[in-house]
Amino acid sequence: MARIYIETTVISFYFNARPEPEMVARQNWTRRWLDAALLTSDELVISVAVETELNAGNFPHKSAMIELASRFPLLDINDAVIEAVEAYIANHVMPNDPGGDAYHLASASFHRCDFLVTWNCQHIANANKFGHIRRVNGILGLGNPALVTPLELLNEETDNG
């Protein structure tokens, strides 16, 4: 059983309203992955940062996104998570937005999630940052979740014949 942190962009893409082909593709991959993940014994979790981001602003399908997020347990907040957020920002691992990207990574790392699933490929699922994140997490004594997109976790049989 894996512990999987679901970042806000995954919930957002589940209810994508944008017509561009790449956005529709992300929605399809997100739905296929999350619908299957909900049927497994994996532990799907979020943090207060997800709730905060979903409650901010006005956008299509907001209430449906909040309802979906409410299905997942919240990881607790503690001083170690806050210290990790501060360390990520101080070490330029994450942008200076303590309520967002740094918080998602700190929550998933402190709570030793196996995966942090996101469509944020600029600040989180960015291969150019993996080494830096591992070094900072090592200094802090935190886990290193695999930073992946829903597409990378799709476990579908392929037809080779």
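**Ground rules.** I am working from a predicted model, in which local features need pLDDT of at least 70 and side-chain atom pairs count only at pLDDT 80 or more, while totals for chains, interfaces and linings use all residues. I number residues from 1 along each chain as its sequence is written, and side-chain values use heavy atoms, with hydrogens and water left out.

**Entry 1: H5 and H7.** I label helices (H or I, at least four residues) and strands (E, at least two) as DSSP runs, numbered from the N terminus. Helix H5 spans residues 79–90 and helix H7 residues 130–140; their axes come within 11 Å and cross at roughly 140°. Those axes are lines fitted to C-alpha atoms over the stretch in contact, with angles from 0 to 180 degrees between N-to-C directions. H5 and H7 are therefore oblique to each other; under 35 degrees would be roughly parallel, over 145 roughly antiparallel, 65 to 115 roughly perpendicular, and the rest is oblique.

Which residues meet here? From H5 I find Ala-84, Ala-87 and Tyr-88, and from H7 Val-136, Asn-137 and Leu-140; contact means heavy atoms within 4.5 Å. By class, I count five nonpolar residues, one polar and no charged. Nonpolar covers Ala, Val, Leu, Ile, Met, Phe, Trp, Tyr, Cys and Pro, charged covers Asp, Glu, Lys and Arg, and the others, Gly among them, are polar.

**Entry 2: Ser-47.** I found Ser-47 in the loop between strand S2 (43–45) and helix H3 (48–55). Is Ser-47 buried or exposed? Its relative accessibility is 0%, so Ser-47 counts as buried (under 20% relative accessible area; exposed is over 50%, partly exposed in between, with a 1.4 Å probe and protein chains only). Leaving aside neighbours within four places in sequence, its contacts include Leu-74, Tyr-103 and His-104.

**Entry 3: Leu-147.** This one sits in strand S4, residues 146–148. I noted 9% relative accessibility, so Leu-147 is buried. Leu-147 and Glu-7 are 140 residues apart in sequence, yet 10 Å apart in space, C-alpha to C-alpha. Beyond neighbours within four places in sequence, Leu-147 touches residues including Leu-105, Ile-124 and Phe-130.

**Entry 4: Phe-115.** Phe-115 belongs to strand S3, residues 115–117. At 24% relative accessibility, Phe-115 counts as partly exposed. Phe-115 and Ala-146 are 31 residues apart in sequence and 4.6 Å apart in space, C-alpha to C-alpha. Ala-146 is also one of the contacts of Phe-115, as are Tyr-5 and Leu-153.
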